[in-house]
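Visitor: I would like to learn how to read a model of this kind, feature by feature. Could you take me through it, giving the general idea before each case?

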Amino acid sequence: MAVDLKAKVRDVPDFPQQGVVFKDIMPLLADAEALRQTIEELGAWTRERKPDLVLGAEARGFILGAAIAREVGCGFVAARRPGKLPPETVSATYALEYGSNSLELHPEMIGRGSRVVIHDDVLATGGTVEAIAGLVERLGAEVVGCCFIIELTFLGGRERLSKYDLHALVEY
């Protein structure tokens with residue numbers, strides 16, 4: 001019997017700032033059956049895109065990104081916060097619904113012509129994935145899909161990323 005994944009996501013009001021309701025996936029990850037189902041469902045969707053790599057966005061995109069890559073049988077690349085990856089990196093800065101941030105990745109990990117699926121835990125405004133996708137494309141690779149556990153539809157990320165194939169397991 002399938003787990004109601006939405007029931008495993010906890011709302012945290014006023015985090016990280018007043019007025020924001022943070023969608024916490026940690027209860028979902030702590031439930032073995034919900035975790036298994038999430039990896040299997042995102043893995044099945046990702047496998048259909050025939051990626052060479054899954055790219056996970058820091059920090060929660062790492063948790064399932066590597067598991068999805070393992071499920072699919074492809075490699076995993078991490079997009080990290082500045083200063084976390086030695087030696088040479090490429091970087092992108094993007095706006096969040098409550099601020100801005102930057103991510104970096106190792107350019108040699110994404111070969112020209114590679115097929116890449118980007119994974120992050122939540123699709124909100126789309127800024128994180130738009131920035132990462134720009135880096136991937138700048139390196140000569142192709143973004144063949146973007147998958148998420150949660151999509152916050154009211155923030156318009158899907159429209160912003162309309163040129164990409166998107167998938168989310170749970171919508172708010």
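Guide: Let us begin with a single residue, bearing in mind that the model is predicted. Asp 14 sits in the loop that links β1 and β2.

Visitor: What is the value of phi of Asp 14?

Guide: The general idea is that most residues other than glycine have a negative phi, and most peptide bonds are trans. Asp 14, a residue other than glycine, has a positive phi, near 60 degrees. Lys 50 is another such residue, with a positive phi near 50 degrees, and Lys 50 belongs to the loop between α2 and β3. With a relative accessible area of 59%, Lys 50 is classed as exposed.

Visitor: Which residue is joined to Glu 58 by a cis peptide bond?

Guide: Ala 59 is the partner of Glu 58 in that cis bond, where omega is about -5 degrees, and Ala 59 is part of the loop between β3 and α3. The peptide bond running from Phe 15 to Pro 16 is also cis, with omega near 5 degrees. Pro 16 is placed in the loop between β1 (10-13) and β2 (21-24).

Visitor: Which residues does Val 116 touch, not counting residues up to four places away in sequence?

Guide: With those neighbours set aside, Val 116 touches Leu 53, Leu 55, Ile 110, Val 136, Ala 141, Glu 142, Val 143, Val 144 and Gly 145.

Visitor: Is Ala 133 buried or exposed?

Guide: The idea is to compare a relative accessible area with a limit: buried means under 20%. Ala 133 has a relative accessible area of 0%, and is therefore buried. Ala 133 is a residue of helix α4, and when residues up to four places away in sequence are not counted, Ala 133 touches Ile 118, Val 143 and Tyr 164.

Visitor: How far apart in space are Leu 161 and Gly 126, C-alpha to C-alpha?

Guide: Leu 161 and Gly 126 are 35 residues apart in sequence, and their C-alpha atoms are 6.4 Å apart in space. Gly 126 is also in contact with Leu 161, as are Leu 123, Val 129, Glu 130 and Leu 166, when neighbours within four places in sequence are left aside. Leu 161 lies in the loop between α5 (157-160) and β9, and with a relative accessible area of 0% Leu 161 is buried. As a second pair, Ala 133 and Pro 82 are 51 residues apart in sequence and 17 Å apart in space, C-alpha to C-alpha.

Visitor: At what angle do the axes of helix α2 and helix α3 cross?

Guide: For a pair of helices, one reads the distance between axes, then the angle, then the residues that meet. The axes of helix α2 (residues 32-47) and helix α3 (residues 60-72) come within 9 Å and cross at roughly 60 degrees, and the two helices are therefore oblique to each other. The crossing of α2 and α3 is right-handed. Among the residues that meet are Leu 35, Ile 39 and Leu 42 in α2, and Leu 64, Ile 68 and Val 72 in α3. The residues of this contact between α2 and α3 divide into seven nonpolar, three polar and three charged.

Visitor: Is Leu 35 buried or partly exposed?

Guide: Leu 35 has 24% relative accessibility and so counts as partly exposed. Neighbours within four places in sequence aside, Leu 35 is in contact with Leu 28, Leu 29 and Leu 64.

Technical notes:
Residues are numbered from 1 along each chain as its sequence is written. This is a predicted model: local features need pLDDT of at least 70, side-chain atom pairs count only at pLDDT 80 or more; totals for chains, interfaces and linings use all residues. Side-chain values use heavy atoms; hydrogens and water are left out. Contact means heavy atoms within 4.5 Å. Axes are lines fitted to C-alpha atoms, for helices over the stretch in contact, and angles run from 0 to 180 degrees between N-to-C directions. Helices (H or I, at least four residues) and strands (E, at least two) are DSSP runs, numbered from the N terminus. Angles under 35 degrees count as roughly parallel, over 145 as roughly antiparallel, 65 to 115 as roughly perpendicular and the rest as oblique. A crossing is left-handed if the near helix is turned anticlockwise from the far one by less than a right angle, and right-handed if clockwise. Ala, Val, Leu, Ile, Met, Phe, Trp, Tyr, Cys and Pro count as nonpolar, Asp, Glu, Lys and Arg as charged, and the others, Gly among them, as polar. Buried means under 20% relative accessible area, exposed over 50%, partly exposed in between (1.4 Å probe, protein chains only).
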